[in-house]
Amino acid sequence: MTLLEQLAIVLAGLGAGIATSSIGVASLVSFPVLIALGVPPVAASSSNTVGLVPAGVSGTFGYRRELAGRRRLVWSVVVISGLFAIAGALLLLQLPSDVFESLVPWLILFACTLVATQPRISSYLKRRKADASGEESPADRTEMTPALAAGTAACGVYGGYFGAGQGVMMVAVLAFGLDLSLAVISALRTLAVFASNVVATCVFLFIAPLDWRVIGLLAAGSVVGGWVGAQIGRHLPAEVFRALVVVAGVVVAVSYWV
């Protein structure tokens, strides 16, 4: 591997780390670079997941202000995502990933539709709830609910089993389940994906081919990118954030058909 190729991987890790913490679609950046540099697809996929774990650490640290005072919600998201990612990883051991691959673009496009339409749908549902309860303004939802737990669990299974587009799906689930700012949603999304990646990494250490040089180079870039992405995600206007998530999700989905 030449010095230029090593630099390309570090920069790919940086870009993927930024994408992870800001809009949640790291697969758009680093994985195609590894394939273009000749890393075998299976090793590229597993090494990419392991190499981006540091982005989750630095991204979470970057969002610490948004997560402050929400300890119960934070731990609920982390534990549910991590535990059900184990179930997804166990499914991966039993079933080939192509069993699910044909559904992936449709799931991502569905999540994109939910992200784009969530403000109107949530506003409509809130008005319906207010009319039914007779309250002028129902209390905001700021804690884990059974419906949100089910959605988080489903995303956790998906993350442990396949993973592409998980960030987009988590944004949709969290935005529908919580009445919190998109900066907080981004922070929780980053945590959920991080938990799933840690579980996947533990599995890959035993069953997957890993290129440790690639992992080290990706990690060097992604640990910086994760923190930078959190700063970007914190300041993105809501409309811009939604637009970027939808566009990135559509690109990922379409890439499966190209």
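Which residue forms a salt bridge with Arg141, and how far apart are the closest N and O atoms? In this predicted model, the partner of Arg141 is Asp179, and the closest N and O atoms of the two side chains are 3.0 Å apart. Arg141 lies in the loop between H8 and H9, whereas Asp179 lies in the loop between helix H10 (166-177) and H11, so the contact ties together parts that are 38 residues apart in sequence. Arg141 has a relative accessibility of 28% and therefore counts as partly exposed. Asp179 is partly exposed as well, because its relative accessible area is 23%.

## Salt bridges

The count of salt bridges comes to three.

| Pair | Closest N to O distance |
|---|---|
| Arg141 and Asp179 | 3.0 Å |
| Arg72 and Glu143 | 3.5 Å |

Arg72 forms a salt bridge with Glu143, with 3.5 Å between the closest N and O atoms. This pair links distant parts of the chain, 71 residues apart: Arg72 is in helix H6, and Glu143 is in the loop between helix H8 (104-133) and helix H9 (146-161). Arg72 counts as exposed because its relative accessibility is 60%, and exposed means over 50%. Glu143, at 34% relative accessibility, counts as partly exposed.

## Surface patch

A nonpolar patch on the surface is formed by Trp75, Val79, Leu83, Phe84, Ile86 and Leu90. Together these residues have about 590 Å² of accessible area. Phe84, one of the residues of the patch, has its place in helix H6 (residues 71-94). Phe84 has a relative accessibility of 37% and so counts as partly exposed.

Rolling a probe the size of a water molecule over the atoms shows where empty space is left. A search of the whole structure finds one cavity of 30 Å³ or more. About 30 Å³ of space lies in the largest cavity.

Which residues line the largest cavity? The lining consists of Thr20, Leu52, Val53, Gly56, Val193, Phe194 and Asn197. By residue class, the lining divides into four nonpolar and three polar residues, with no charged residue. Helix H4 (53-62) and helix H11 (182-207) each supply at least two residues of this lining. The largest share, three residues, comes from H11.

Ala153 has its place in helix H9. Is Ala153 buried or exposed? Ala153 is buried because its relative accessible area is 10%, and buried means under 20%. Ala153 and Leu188 are 35 residues apart in sequence, and their C-alpha atoms are 14 Å apart in space.

Notes: Residues are numbered from 1 along each chain as its sequence is written. This is a predicted model: local features need pLDDT of at least 70, side-chain atom pairs count only at pLDDT 80 or more; totals for chains, interfaces and linings use all residues. Side-chain values use heavy atoms; hydrogens and water are left out. On a 1 Å grid over the protein atoms alone, a cavity is a set of points where a 1.4 Å probe fits but cannot get out, and a pocket is an open set with protein on both sides within 12 Å along at least five of seven lines; lining residues have an atom within 4 Å of a point. Grid points are joined across faces, edges and corners, and a volume is the space filled by probe spheres set on the points. Helices (H or I, at least four residues) and strands (E, at least two) are DSSP runs, numbered from the N terminus. Ala, Val, Leu, Ile, Met, Phe, Trp, Tyr, Cys and Pro count as nonpolar, Asp, Glu, Lys and Arg as charged, and the others, Gly among them, as polar. Patches are made of residues with over 30% relative accessible area and no salt bridge: like charges are joined within 9 Å, nonpolar side chains (Val, Leu, Ile, Met, Phe, Trp, Tyr) within 5 Å. Accessible areas come from the Shrake-Rupley method with a 1.4 Å probe; for residues, only the protein chains shown count as cover. A salt bridge is a side-chain nitrogen of Lys or Arg within 4 Å of a carboxyl oxygen of Asp or Glu. Buried means under 20% relative accessible area, exposed over 50%, partly exposed in between (1.4 Å probe, protein chains only).
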